[in-house]
Amino acid sequence: MATTAQLFEEPFDADEYIERLAWRTPGGGSKGGAEAFDPKRLLEEFENHIEELKQLDEKIQRKVEKLEHQCHREAKEFAHKVQDLQRSNQVAFQHFQELDEHISYVATKVCHLGDQLEGVNTPRQRAVEAQRLMTYFNEFLDGDLRSDVFNNPDKIKEAADIIQKLHLIEMFITVFLLLYFCLGKYHDLERQLIQEFTAAQRRGEIGRMREVAAVLLHFKGYAHCVDVYIKQCQEVKMLRLKFCFPCQGLTEFNLGSDKHTFLSKLIKSIFCAYLESYIDMELEYLRNRGAMILQRYYVSKNHQKRPIGTGSIQELKERIRLRTNLPLGPIIDTHGETFLSPELVVNLLQETRHAFERCHRLSDPSDLPKNAFSIFLLLVDHLCVEHIDYALEIGLSAIPSSDAKNANLYFLDVVQQANSIFHLFDKQFNDQLMPLISSSPKLAECLHKKKEVIEQMEVKLDTGIDRTLNCMVGQMKHILATEQRKTDFKPEDENNVMIQYTAACSKVCAYVSRQVEHVRKSMDGKNVDTVLTELGVRFHRLIHEHLQQYSYSSMGGMLAICDVAEYRRCAKDFRVPLVLQLFDTLHALCNLLVVAPDNLKQVCSGEQLTNLDRNLLHGFVQLRVDYRSARLGRHFS
């Protein structure tokens, strides 16, 4: 056998091998050999050598099988180790996420604790400072300055500061004592003077009224004197209310050919002094009334309005938020409250409607557009800025991050109510304001202001909707990550798969259906199709990327097709042709997971797949577990 092994030296040549074997056999050489040629002996040697070769082949084959078995065993062990490492990596990643969340939670608690400590420390420092000043004040009262600060020349600045504060305290105490003894007498005398003024007015003693008013002029109660005078005048005017049947009685007299114009001018001359300042009083009233309505609403909600920042810092935050779609600042839990009130809106619009009516009646025709525009600006400030825009800011702050689990999405409710409110605002703009400004240059200013307000709100609405869609996709991703198992598409028992589609698919479809219904209730018009189109495209992208994370056996590929068919049924609820087309194409791609190898080219050239990138088709085929064994890559070479 050793001799046979030597015959196989490289490079191997069959003819040379036979010649060398014959040459080594006694009686098997060619002419001129030492022994005569013996064919029987050569045949016998060949037969023996063939047996040896068979034994050598069997030995080598056993060794090859042993090595192959060892290779398969080590490959399985390596695969198990890789799976264990992947599971360990997943567990470590989950621990890392939990640690990150815990760190964020602790950091938030630390910041909150710091704020609380600061809130406690500031009053404590003030109390300590007050106690220190009281100690110094007692030294001055005793006449014995024992503290080092008053006796050390090096601490003259500190002593000066203390002296200044003690001086202020002394002035306050002096004033307080004076007020304590004089305030009672002050109010008593003031009350007597007002009573005397009222009695003089009722008696008609103008001179006495003038004297008392001159004395009251230096008292804080002088305004009460004015109120008393007005009240008395109103009582007299009520007795003369016959004047309102203005003027109707005067029309019976001969006042000339244009008596109505004359009476109109007469009435206008009577009220001219009041009409000159009408718009200032109107705006002041609306300003106070609107602020009261807003405050009353937020108090009823037990809500302290958060200050909305302005200036360059806020503008920078807005730009970052619009470009990155990141939530800037802490996320606020509104507990489902939209902070938009139909009742408040009706009250503001009602007040504004009355203001427009008064403006139309009381304004000079030349001042009517300008006055109406001023009232409109107040409405914009109270309704659009202080209420709608503030609610949008709160709504944006309440949108959770895209990786939040079981997130409640209320921003779509904010969108719904904001749209309803703005329809009411637009109706009043057309019905009440437009007739007052339609023929004046103020029309362009009003339209520009309205457009500016709409654009500002649309930017925030679009940002909020986009971030809400990200949260929806994040929730779908979380469902798939927790519910989808690797064995779903590569089952251990190919003949015992009894489900129509996976649990992950079922839960995702249920979640998507709820969100589609939510969008339809919250939007109107073309906005519904626009938002559902964007949601559908993101839904498709998520499922497409999710399916590419697994490898598929024959039965697993069939189950993946069933999942996609269920996703496609869910996509029909969108009623958007583009979304349905995307899922139709994805369904056709999944057919590549189960089609027979010989039919791959035919399927790839089908109507739905022929225009797709071949790298995409090849990528799906590579997900098959038989990709290498069936040499499927040759179809894409």
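Predicted model: local features only at pLDDT ≥ 70, side-chain atom pairs only at ≥ 80, totals over all residues.

Q: What share of the 637 residues is buried?
A: Buried residues make up 32% of them.

Q: And how much accessible surface does the protein have?
A: About 42,000 Å², and 56% of that belongs to carbon and sulfur atoms.

Q: OK, on to surface patches. Which residues form the negative one?
A: That patch is made by Asp13, Asp15, Glu16 and Glu19. Asp15 sits in helix H2, which covers residues 14–24.

Q: Is Asp15 buried or exposed, and why?
A: Asp15 counts as exposed because its relative accessibility is 58%, and the cut-off for exposed is over 50%.

Q: Which residues form the nonpolar patch?
A: Tyr105, Val106 and Val110, with about 280 Å² of accessible area together. Val110 belongs to helix H3, residues 39–142. Val110 has 51% relative accessibility, so Val110 counts as exposed too.

Q: Switching topic: where is Glu282?
A: Glu282 is in helix H9, which runs over residues 278–300. With a relative accessible area of 4%, Glu282 is buried.

Q: What does the side chain of Glu282 make a polar contact with?
A: With the side chain of Arg358, at 2.7 Å.

Q: And Leu362, where is that found?
A: In helix H11, residues 342–362. Leu362 comes out as partly exposed, because its relative accessibility is 36%.

Q: Is Asn302 buried or exposed?
A: Asn302 is exposed, with a relative accessible area of 73%.

Q: What about phi of Phe339?
A: That angle is near 60°, again positive in a residue other than glycine. Phe339 is found in the loop between H10 and H11.

Q: Is Phe339 buried or exposed, and why?
A: Phe339 is buried, because its relative accessible area is 8% and buried means under 20%.

Conventions: Residues numbered from 1 in each chain as written. Heavy atoms only, no water. Patch = residues over 30% accessible without salt bridge, like charges linked within 9 Å, V, L, I, M, F, W, Y side chains within 5 Å. Areas by Shrake-Rupley, 256 points an atom, 1.4 Å probe, with all protein chains shown as cover. Salt bridge = Lys/Arg side-chain N within 4 Å of Asp/Glu carboxyl O. Lys, Arg positive; Asp, Glu negative; His and termini not counted. Charge placed at Lys NZ, Arg CZ, Asp CG, Glu CD. Helix = DSSP H or I, 4+ residues; strand = E, 2+ residues; numbered from the N terminus. Buried < 20%, exposed > 50% of the residue type's maximum accessible area, 1.4 Å probe, protein only. Polar contact = N/O pair within 3.5 Å; in protein donor to acceptor, adjacent residues only side chain to side chain.
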